[in-house]
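The exercises below walk through one protein model, each with a solution worked out step by step. Please look over the sequence and the structure before starting.

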Amino acid sequence: MVEFVLEQRQLRKARCSHGAILWARRARSLGVHWIAAGHRVGYRSSVTERQEPGGSGPLYGLYQARLRRQLQGAELPHHVAMIIDGNRRWARERALETAAHGHRAGAEKMREFLGWCDELGIRVVTIYLLSTDNLSGRSSDELDQLFEIIADLADDLSRAADWRIQHVGTTEGLPGPLVAALRAAEDRTIGNRGLHVNLAVGYGGRREIADAMRSIVRSHGDAGGTIEELAGILTPELIGEHLYTQGQPDPDLIIRTSGEQRLSDFMLWQSAHSEFYFVEALGPDLREVDFLRALRSYATRHRRYGQ
């Protein structure tokens, strides 16, 4: 079987194209099968012979198995970071009443995503759930719903498997019940040795660096050190020891959904040598094949670290 994989951008451009229709007819006459990679739930294209919106069906299963075979023996990332984006757009596209529907769908997808990571032996995953910018830029109604959704997610993940849950971010601006839920999840999983899950809540990369420097200065001052002595010992390694993710490896791969291509103040220090992969699918529409394609792309890259 000849197999072509179309990205979401190609499908969108081809949706109303007369040429694309002729192209698809010609493909069918040649026995070519089309599989849409990274498409959105509910999307219909004249190019796709069969739509598998939920990540199911024989074509999807065959393609997923093929990707898994390609990853056998490949070098996989130890630490994957995920910017889950597009939840509100997902809700708007479906004319749902509030953005909370999209946030709940995104949270459910993150439960799936962590399962995929765990199955493949990835050791650390960081999920960007709520930024410091969100705290000042979103409405109080949306934030209240988000706080509840994130608290429920933290509680569920702390009971799901032998996973270690860690909150990375500041508690400043977070409501008491959410802070309590995050701390309870950390305490409940402190002895677990499975997948290490960082929940980036109230997180900002610039704030993290500022907090790290504040911690260094305070510790040095408490020990009676001088500014001159501090200047002599200040190194990137010392700063890294005071980040929210202290002691963890930096992310090897950062994935962002929804087609946006920016970091949005996420892991600015830790991403110095990270690889990036941008998925067209909105957050709740992310499929396992999208993730496997990201890993396949990562496995083909050569990280030279300036060499």
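**Exercise 1.** Which side chain is joined to that of glutamine 166 by a polar contact, and at what distance?

*Solution.* Before starting, note that this is a predicted model, in which local features need pLDDT of at least 70 and side-chain atom pairs count only at pLDDT 80 or more, while totals for chains, interfaces and linings use all residues. Residues are numbered from 1 along each chain as its sequence is written, and side-chain values use heavy atoms, with hydrogens and water left out.

Step two is to find the partner: the side chain of histidine 196 is joined to that of glutamine 166 by a polar contact of 2.8 Å. Such a contact is a pair of N or O atoms within 3.5 Å, where within protein one must be able to donate a hydrogen and the other to accept it, and residues adjacent in sequence count only if both atoms are side-chain atoms. Step three widens the view to contacts, meaning heavy atoms within 4.5 Å: not counting residues up to four places away in sequence, glutamine 166 touches several residues, including Glu186, His196, Tyr244 and Gln248.

**Exercise 2.** Decide for glutamine 166 and for arginine 164 whether each is buried or partly exposed.

*Solution.* The scale comes first: buried means under 20% relative accessible area, exposed over 50%, and partly exposed in between (1.4 Å probe, protein chains only). Glutamine 166 counts as buried because its relative accessible area is 16%. Arginine 164, also found in strand 5, counts as partly exposed because its relative accessibility is 26%. Among the residues that arginine 164 touches, leaving out those up to four places away in sequence, are Thr189, Asn192 and His196.

**Exercise 3.** Where does threonine 257 lie, and which residues does it touch beyond four places in sequence?

*Solution.* Threonine 257 belongs to the loop between strand 7 and strand 8 (275–278). With a relative accessible area of 0%, threonine 257 is therefore buried. Its contacts, with residues up to four places away not counted, are Met82, Ile83, Ile84, Asp85, Val279, Ala281, Leu282, Gly283 and Leu286.

**Exercise 4.** Which residues of the largest nonpolar core touch the most other members?

*Solution.* A nonpolar core is a set of buried Ala, Val, Leu, Ile, Met, Phe, Trp, Tyr and Cys residues joined through side-chain atoms within 4.5 Å. The largest one holds 52 residues, and Phe113, Leu199, Val201 and Ile255 touch the most other members. Helix 7 gives the most to this core, namely nine residues. Another core lies apart from it, made up of ten residues, among them Ala81, Ile83, Tyr128 and Ile254.

**Exercise 5.** How many residues does the protein have, and what percentage of them is buried?

*Solution.* The protein has 307 residues, of which buried ones make up 48%. Its secondary structure comprises twelve helices and eight strands. Finally, among contacts with a separation of 6 or more, residues 24 or more positions apart account for 76%.

How values were computed:
Helices (H or I, at least four residues) and strands (E, at least two) are DSSP runs, numbered from the N terminus.
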